[in-house]
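This report looks at a ligand site and at the nonpolar core of the protein shown below.

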Amino acid sequence: MRATVLLEEREGRGLSRGDLSLLFRLLSFTKGQIPYLVLSLASMGLATLSTILQPYGLKLIVDRNFVPGRTEGLFINAGVFAAGVIGSMVFGYLQMVSVAALGQRTIHELRKELFEKILRLPMTFFDRTHSGWIVARLVSDVDAVNEMISSGIVSSIADVFLMASIAVVLFLLDAGLFLTLMGTLIILILFVFLLKGKLRAANREVRRATADLTRSLQETVGGLEVVRAFGREEKVLEEFRKVNARYVEGGKRLSKIYSLYFPGVEFLSHFGLALIILVGGYYFRQGSVTLGTLVAFIGYLEKFFGPVRDMTDKVSVLQTALAAAERIFSILDLPPSREFSFRQEKGGISPRGGRGEAVVEMENVTFGYDDEEVLRGLSLKVRRGERVAIVGLTGAGKSTIVNLLLSFYEPWEGEVRIFGHSLSEISPREVREKIAFVPQEPFLFEGTVVENVTGGLPLDEMKLERVLAICDILKDAESTGSVSSRQVGERGLGLSAGERQLVAIARALYRDPELLILDESAAHLDPKSEEKVSRAVRRLLAGRTAIVIAHRLATVSECDRIVVIAGGKVVEEGTHDELLRRDGLYRKLWRLQSMEEKREESER
Ligand SMILES: Nc1ncnc2c1ncn2[C@@H]1O[C@H](COP(=O)(O)OP(=O)(O)OP(=O)(O)O)[C@@H](O)[C@H]1O
Ligand SMILES: [Mg+2]
């Protein structure tokens with residue numbers, strides 16, 4: 001999958017110039033948060049200064065007041081130390097709070113923009129992209145960026161600033177001791193970078209295993225019925241074990257490296273401390289360094305090594321976030337679906353002409369999803385007030401025709417006109433407003449049945465009641481009571497297949513559309529539900545302009561004209577009786593179906 005490739009490519013390489021532009025682009029999302037940015041930078045500077053004051057205060061006390069009886073200036077010296085402690089606490093707090101606020105607000109913007117973009121992407125994007133991948137962008141990638149902003153980038157700047165300031169102060173205090181310290185520091189940095197590469201590789205392995213683990217879980221939970229029904233538990237478990245083992249392996253490697261890393265850094269910083277005491281003690285005995293300076297040095301040492309120790313973590317946060325940002329921007333940069341590039345809607349596309357005028361015209365349409373053609377020069381015309389049934393074998397391209405009519409996809413060749421307007425010239429949103437569509441697999445949202453029926457349109461009690469009554473979902477005295485008040489679960493869970501279809505039909509009726517498109521479900525229902533659905537369909541079709549993709553004879557017989565599709569083209573056309581006389585594909589389909597119905601009849 002393309003999306004995954006992008007993810008793999010990015011990991012494992014160092015920072016580059018492209019990363020800088022990524023960073024700047026991320027920063028552009030903080031535009032509206034200048035006050036927080038200023039506050040966090042200012043408190044960062046002040047916190048650093050306060051931190052530096054602490055060891056210096058100690059030095060003053062040791063040098064000037066560590067002799068019995070010498071108390072002059074003690075309060076001032078102690079005050080310097082105290083100011084350092086209190087200042088670093090107060091400004092540290094301010095820095096954390098403002099940086100967190102900055103991060104949250106930025107992330108809010110970023111997530112909003114990403115979600116808006118995803119809503120507007122063309123259908124072709126969703127054909128090629130795993131839904132789990134999209135969810136991960138919105139959740140974990142945005143979080144990774146958040147972590148970089150709130151704990152990574154500002155504190156890294158703070159660390160660099162702190163280390164540079166300490167280095168200057170140490171150099172001014174005593175150049176000889178400073179150079180001794182630098183020696184240890186170089187060894188420490190070499191050690192850190194040596195392990196860093198290994199750490200990153202192990203981290204990447206764990207991350208990949210986590211992603212695979214999530215995907216495997218998501219798929220299994222989503223399709224648990226099928227897994228159980230087909231006894232695939234063993235196989236699924238086997239796959240899961242493999243991924244899980246990879247995860248554990250990666251985790252073990254990671255903890256091994258970490259167990260070497262932290263004691264190593266600890267050892268080296270203590271080695272530095274010992275060196276300072278040794279060399280400093282010698283200077284002190286020679287009289288070239290005061291005891292206070294020595295104490296200050298030891299104090300600074302602690303504050304100096306901390307950031308070095310955290311360096312690898314910061315770099316890996318930064319790299320994860322940049323990889324995340326790159327994926328987020330790759331979505332943001334995709335061109336939106338056509339309807340969202342229409343700046344100005346024409347406003348009320350008027351259905352042209354009276355009865356008998358063409359409402360839908362498809363002219364020589366050729367289209368396919370990938371490279372393969374599904375429709376090959378198909379032409380179709382539906383006039384006002386006419387009900388046209390489309391039939392054909394499974395996979396013939398019937399639902400594909402609907403996808404084109406609703407402008408979910410654009411034809412490769414040929415033209416589609418609705419209400420006399422070419423779809424390439426008008427906004428799909430305007431077209432869709434006039435069309436009601438009952439999909440082949442009715443999709444219901446979580447909520448009540450009523451919410452699903454009104455589907456965002458204003459509530460009109462009278463109309464609702466009429467629609468519910470027509471679809472027979474107002475009351476079902478025999479069994480479940482009123483369906484209409486029931487809560488629908490995720491993906492329509494909690495309703496039977498027949499009830500789901502009825503709700504989808506009610507939704508279309510409630511819109512009272514100028515053009516109705518019904519993609520009938522091929523799923524077989526029990527005779528009672530079947531009859532209910534057929535009755536609802538009959539009432540739905542009464543007096544409308546409609547295109548019906550029919551899988552049932554009962555529905556076909558409601559239509560004025562039947563169009564038979566095969567090989568991406570219309571192969572037969574006429575009324576039910578005409579087509580039966582012709583001895584073509586339709587007759588074959590019809591006979592197959594009536595045979596099946598007879599069989600079912602006899603089984604009952
Ligand atoms: N999103 C898609 N991406 C790639 N190929 C697709 C996609 N949707 C459908 N196809 C392919 O296009 C062809 C036509 O599919 P379509 O859904 O239009 O068939 P249909 O006539 O509606 O069949 P059925 O009666 O089973 O509903 C099939 O070969 C199908 O595999
Ligand atoms: Mg279909």
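## Polar contacts of the ligand

An oxygen atom of ligand 1 lies 2.9 Å from a polar backbone atom of Gly-395, and an oxygen atom of the ligand is 3.2 Å from a polar backbone atom of Ala-396; a polar contact here is a pair of N or O atoms within 3.5 Å. At 3.3 Å from an oxygen atom of ligand 1 there is also an N or O atom in the side chain of His-551. Taken alone, ligand 1 exposes 640 Å², of which the protein buries 64%, with areas from the Shrake-Rupley method and a 1.4 Å probe.

This is a predicted model, in which local features need pLDDT of at least 70 and side-chain atom pairs count only at pLDDT 80 or more, whereas totals for chains, interfaces and linings use all residues. Residues are numbered from 1 along each chain as its sequence is written, ligands are numbered from 1 in the order in which they are written, and side-chain values use heavy atoms, leaving out hydrogens and water.

## The shell around the ligand

Around ligand 1 there are 14 residues, of which Thr-394, Lys-398, Ser-399, Thr-400 and Gln-440 come nearest, a residue being near if one of its heavy atoms lies within 4 Å. Helix α11 (residues 398-405) gives the most to this shell, with three residues, helices being DSSP runs (H or I) of at least four residues.

## The nonpolar core

The largest nonpolar core has 42 residues, and Tyr-586 is among those with the most contacts inside it; such a core joins buried residues (under 20% relative accessible area) through side-chain atoms within 4.5 Å. Helix α15 (residues 497-511) supplies the largest share of this core, eight residues.

Methods. Polar contact = N/O pair within 3.5 Å; in protein donor to acceptor, adjacent residues only side chain to side chain. Helix = DSSP H or I, 4+ residues; strand = E, 2+ residues; numbered from the N terminus. Buried < 20%, exposed > 50% of the residue type's maximum accessible area, 1.4 Å probe, protein only.
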